[in-house]
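Please work through the following exercises with the sequence and the structure at hand. Each task is followed by a worked solution.

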Amino acid sequence: MRVYEKSGGVVLEDAAWFDPAIIFDCGQCFRFVPKGDAFCGVAFGRALSVKKDGEDVHLFPCTMGEFESIWRRYFDFDRDYEALCASVCENDARLKEAAPCCKGLRILRQEPFETLISFIISANNNIARIRSVIEKLCAAYGEKIEAPWGDAYAFPTAEALASASVEELRALGLGYRDQYVKKTAMAVASDPQILSQIPTMDLDAARKALCQFHGVGNKVADCILLFSMDKTAAFPKDVWIRRVAQEVYGCDCDTLAARYGDAAGFAQQMMFYSARWKKF
DNA sequence: TTCCAGGTATGCA
DNA sequence: TGCATACCTGGA
């Protein structure tokens, strides 16, 4: 993949295994939405437009320095997803059948605090509402950023959310999750190193550590581990995956996850995306 | 009007 | 330890 600057942005030439329509619509990220022929959103305090043009990808606005310091890791460009896909499809006829519709899927490496709060909000909620509530939260407590498409907002800091009252959070539509967000933000604000220690732990210990936060159970913990802490063996067991395990594979989620080892998270995302769009 | 949505916390046996 | 139940809210 050749990477070069062009007209205030960065072009990724021959980025065959990169499809923003799949990456941003497989449930791992709530802040990028389609605008025209691109996907626009905010991560790491930067507004970014992502456009697929044939086999090329355009990131805008973006310098080579920003690409190397932020977006290379965010989009996990150093992993060979074609090989990863081939490995999880080996000896799995159903996943192999679903693979063509998942071409271009990648696991993002998002900010841990944003992922923690976002997936607390996701509990017993639907994706449209999760997106809406997170945008309101960012507009109310996040830093304003100028984006090519207008005003945008960074995800709030732990301090900013900790200073919000439960009533203010409830007014944004968080429902009963208001107190979970408040308590978790206070915990992170009072110990800034608390999240950075978790990726160094093994999977079970990391999951246990995350479950100490109010509003975080096993499923939310696995989402945080997979989407922000590089724990590729994490296998979030949501309602979609339970259905797939039962109806497609005739087994329970733990048995299914064990088939894929360190690639379990990628297999889970393939199943989630395929199941949601009835291609499985 | 009722049900459902990428679950979690709590109480009880 | 395992199970049942309550929980905000908006769209279908």
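**Exercise 1: A helix pair**

The crossing of helices H5 and H9 is right-handed, that is, the near helix is turned clockwise from the far one by less than a right angle. The model is predicted, so local features need pLDDT of at least 70 and side-chain atom pairs count only at pLDDT 80 or more, whereas totals for chains, interfaces and linings use all residues. Residues are numbered from 1 along each chain as its sequence is written, while chains are lettered from A and ligands numbered from 1 in the order in which they are written.

Task: Determine how H5 and H9 are oriented to each other.

Solution. Step 1: H5 (residues 112-121) and H9 (residues 178-190), both DSSP runs of H or I with at least four residues, pack at an angle of about 160°, with their axes 10 Å apart. Axes are lines fitted to C-alpha atoms over the stretch in contact, and angles run from 0 to 180 degrees between N-to-C directions. Step 2: Angles over 145 degrees count as roughly antiparallel; H5 and H9 are therefore roughly antiparallel.

**Exercise 2: The helix contact**

Task: State which residues of H5 and H9 make the contact.

Solution. Step 1: Contact requires C-beta atoms, placed from the backbone, within 7 Å. Step 2: H5 gives Phe 113, Leu 116, Ile 117, Ile 120 and Ile 121, and H9 gives Tyr 180, Val 181, Thr 184 and Val 188.

**Exercise 3: Two domains**

Task: Locate the domains of chain A.

Solution. Step 1: An automatic or database domain assignment supplies the bounds: domain 1 is 2-78 and domain 2 is 112-228. Step 2: Their C-alpha centres lie 23 Å apart. Step 3: The contact takes 12 residues from domain 1 and 14 residues from domain 2.

Terms used
Helix = DSSP H or I, 4+ residues; strand = E, 2+ residues; numbered from the N terminus. Parallel < 35°, antiparallel > 145°, perpendicular 65-115°, else oblique. Contact = placed C-beta atoms within 7 Å.
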